[in-house]
Amino acid sequence: MIDRSKITNLRPRTLKDKPDFHALIRAGRHFTDLSEEDYDAMCREVYGVYLGAISQIDSLFGTLMTALDASPLKDSTSVFVFSDHGDYAGDYGLIEKWPSGMEDVLTRVPLLVRTPGGKPGQVVPEMVQLFDTMATMLQLADIEPVHIHFAESLLPMLRGSPGNPMRPAFAEGGFASHEKKLQVPKWVIKKLRKNDSPYGPKKLQEAEHPLSVCRAIMMKTMEWKFVYRTDPQRPEGHNELYNVKEDPRELKNLYYEPGYEALRAEQLVKVMNWLMVTCDVTPQKEDGRGFQRYVRSRLKYPEAKPKKVKGKHNFIEDDSDRSDPEDQTAL
């Protein structure tokens, strides 16, 4: 189905200032043992198979939509199509994915939506994020969320409004060296070296080179893509900065180029601000064992003696207090 000889646009594997896991994956998979000609042919074959699989999914999706359009549910059904991640599939001379890899071939995935009232042919080039589908589905179903989240409903855009050109998209991945996942015993490493399963080389690299899979965070706007990596053992990992307007294929890493110091600092501050805003929130629903209930009970029954109940807190056990409707409201 896919003519391998016409696959000529793969991203090269000889780029400067790429993360160290690129070279480690190539070595761990023994790609570097191949001749240049065989290596190129292998990458084209992987990419061709990948495109063929996508074509098969397209065909199956068409069958599904044909059946939906012939059913009475057509005008009351919203359809969302997206993927959890992409694949190197030969780009950069790599295959599969990598936990701290933030290239567009991994993080930029399709998002197609058809919904009643949507504008046919609407295309939104601005940044959106996968978890926006959750907020969109809730709004379509007229369900009020009961938790704090940072997604944005895509419904206005689906109905014809433009996207927000100032909104960045974020992604996180990787592991810290102190996590148990990366603390692999020597006997397991020996076993992995003899493992011929498809995931054996990947697990072995994670075990032998844990810093190659360190924590990573990405921020992408319409103009810039910033990737920052860190670990307790290596506070500043191999970072990346791309001008995606001029270099959409991410071929030239500008992070270590002179003249970009101020931009690097600016991008890092924006990432830090996002982390601070989104890293933790308090629950919207009050825990029944909480302090406010105890205070309400003391205000209502100041002479009552606290009674010890299960747990570490003292509460006033009183059926009338428990059935009081005001007990469910904040002070």
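**A first walk through the model**

Hi everyone. The mean pLDDT of this protein is 89, and 86% of its residues reach 70 or more; pLDDT is the predictor's confidence in each residue, from 0 to 100. Over residues 314–331 the pLDDT is below 50, and this stretch has 40 contacts in the model beyond near neighbours in sequence, a contact being heavy atoms within 4.5 Å. Where pLDDT is low, the predicted coordinates should not be read in detail.

Some ground rules. This is a predicted model, with local features needing pLDDT of at least 70 and side-chain atom pairs counting only at pLDDT 80 or more, while totals for chains, interfaces and linings use all residues. Residues are numbered from 1 along each chain as its sequence is written, and side-chain values use heavy atoms, leaving out hydrogens and water.

Let's start with the helices. Helices (H or I, at least four residues) and strands (E, at least two) are DSSP runs, numbered from the N terminus. Helix H2 covers residues 36–69, and at 1.5 Å a residue its 34 residues should span 50 Å; the end C-alpha atoms are 49 Å apart, which agrees. That expected span is 1.5 Å times one less than the number of residues. Which residues of H2 are buried? They are Tyr-39, Cys-43, Tyr-47, Gly-48, Met-65 and Leu-68. Buried here means under 20% relative accessible area, exposed over 50%, and partly exposed in between (1.4 Å probe, protein chains only). The cover over those H2 residues includes H1, strand S1 (79–82) and strand S2 (111–114).

Next comes helix H7, residues 200–208, where Gly-200, Lys-202, Leu-204, Gln-205, Glu-206 and Ala-207 are buried. Helix H1 (20–28) and helix H6 (186–193) are among the elements covering them. In helix H4 (residues 132–140) we find Thr-133, which is buried at a relative accessible area of 8%. Leaving aside residues up to four places away in sequence, Thr-133 touches Phe-80, Phe-82 and Leu-111.

On a 1 Å grid over the protein atoms alone, a cavity is a set of points where a 1.4 Å probe fits but cannot get out, and a pocket is an open set with protein on both sides within 12 Å along at least five of seven lines; lining residues have an atom within 4 Å of a point.

Of its 20 lining residues, Met-166, Arg-167, Pro-168, Phe-170 and Met-219 are the closest to its centre. Strand S3 (169–173) and helix H8 (261–278) each give two or more residues to that lining, and the largest share, four residues, comes from H8.

Most residues other than glycine have a negative phi. His-30, though, has a positive phi of about 65°, and Glu-250 has one near 55°. Are they buried or exposed? His-30, in the loop between H1 and H2, is exposed at 53% relative accessible area. Glu-250, between strand S6 (240–243) and H8, is buried at 2%.
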